Amino acid sequence: HSFRHARLQNLSWLPRSNAISYTHTSNNRTSLFTHNLETGVKREILVDVEKMGNYKWATDESFLVYSVREDGTGADAIMRQILGMQDRQPQFRNRSFLYKVDVSTGAITRLTHGHLTTSLHDISPDGKHLIFSQTRPDYLERPYSKTSLMRMNLNDYSVDTLFADMRWGVSISYSPDGKYLLATGGPSAF
């Protein structure tokens with residue numbers, strides 16, 4: 001197979017069909033495509049998303065969730081208030097938020113907002129929930145941050161906290177039947 005874009009990124013199989021998805025970035029704008037390997041049909045799912053990050057497909061391929069980085073303010077100011085030790089780093093005020101795109105309609109819904117970056121961990125096999133995390137600085141103990149893991153209901157956008165203020169990072173994924181969660185991390189996490 002050949003592709004019309006020379007610089008492909010983020011190639012991944014779609015969960016159910018014999019197709020791949022990939023992104024192409026030009027002028028800091030990213031478009032996401034699918035390519036069905038049986039029929040040869042290529043389809044543009046997202047067009048010119050500014051500062052797009054990673055993405056993950058729902059198991060039924062009806063939607064996908066992706067992240068977008070928003071640049072923080074104050075880096076170009078003559079004088080600014082330093083919010084903490086990490087605020088001295090140039091990218092500290094940048095945040096990433098999650099969005100959902102319905103593949104059939106193209107409707108885009110912003111899922112997260114606020115002053116903390118959100119990171120996607122997994123989407124439930126039935127497509128009804130997703131798990132994401134938020135990390136905030138905490139300078140009292142190593143590793144100088146705390147992470148909370150949450151589950152969002154994609155029908156009403158309510159959020160339940162799974163783990164709050166964990167000192168050590170944990171990654172969570174759903175079992176194939178969606179009945180269990182697998183949490184992995186270093187020994188200090190548990």
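1. Strand β6 (residues 63-70) is largely enclosed by the rest of the structure, because 6 of its 8 residues are buried. Buried here means under 20% relative accessible area, with exposed over 50% and partly exposed in between (1.4 Å probe, protein chains only). Strands are DSSP runs of E of at least two residues, and helices are runs of H or I of at least four, both numbered from the N terminus. Please keep in mind that this is a predicted model: local features need pLDDT of at least 70, side-chain atom pairs count only at pLDDT 80 or more, and totals for chains, interfaces and linings use all residues. Residues are numbered from 1 along each chain as its sequence is written, and side-chain values use heavy atoms, with hydrogens and water left out.

2. On one hand, β6 pairs with strand β5 (residues 52-57) in the antiparallel sense over 4 bridges; two strands pair if DSSP finds at least two bridges between them. Tyr55 has Tyr66 in β6 as its bridge partner. The β5-β6 hairpin has 5 residues between the strands, and Glu61 takes a positive phi near 65 degrees there.

3. β6 is also joined to strand β7 (residues 95-102), by 8 bridges, and the two run antiparallel. Here Phe63 stands opposite Asp102 in β7.

4. Further along, an open sheet of 4 strands has the order β9-β10-β11-β12, with antiparallel pairing. β9 (118-123) and β12 (159-166) stand at the edges with a single partner strand each, so one side of each is left without a neighbour in the sheet. From one strand to the next the twist averages 20 degrees, where axes are lines fitted to C-alpha atoms and angles run from 0 to 180 degrees between N-to-C directions. Within this sheet, β10 (residues 129-137) and β11 (residues 145-153) pair over 9 bridges, and Ile131 stands opposite Arg151 in β11.

5. Thr34 may also be worth a look: this residue of strand β3 (residues 29-36) is buried, with a relative accessible area of 11%. Leaving aside residues up to four places away in sequence, Thr34 touches several residues, including Leu14, Ile20, Val41 and Trp57; contact means heavy atoms within 4.5 Å.

6. As for the whole chain, there are 0 helices and 14 strands. The C-alpha trace spans about 55 × 45 × 30 Å along its principal axes, and 38% of the 190 residues count as buried. Among contacts between residues at least 6 apart in sequence, 34% join residues at least 24 apart.
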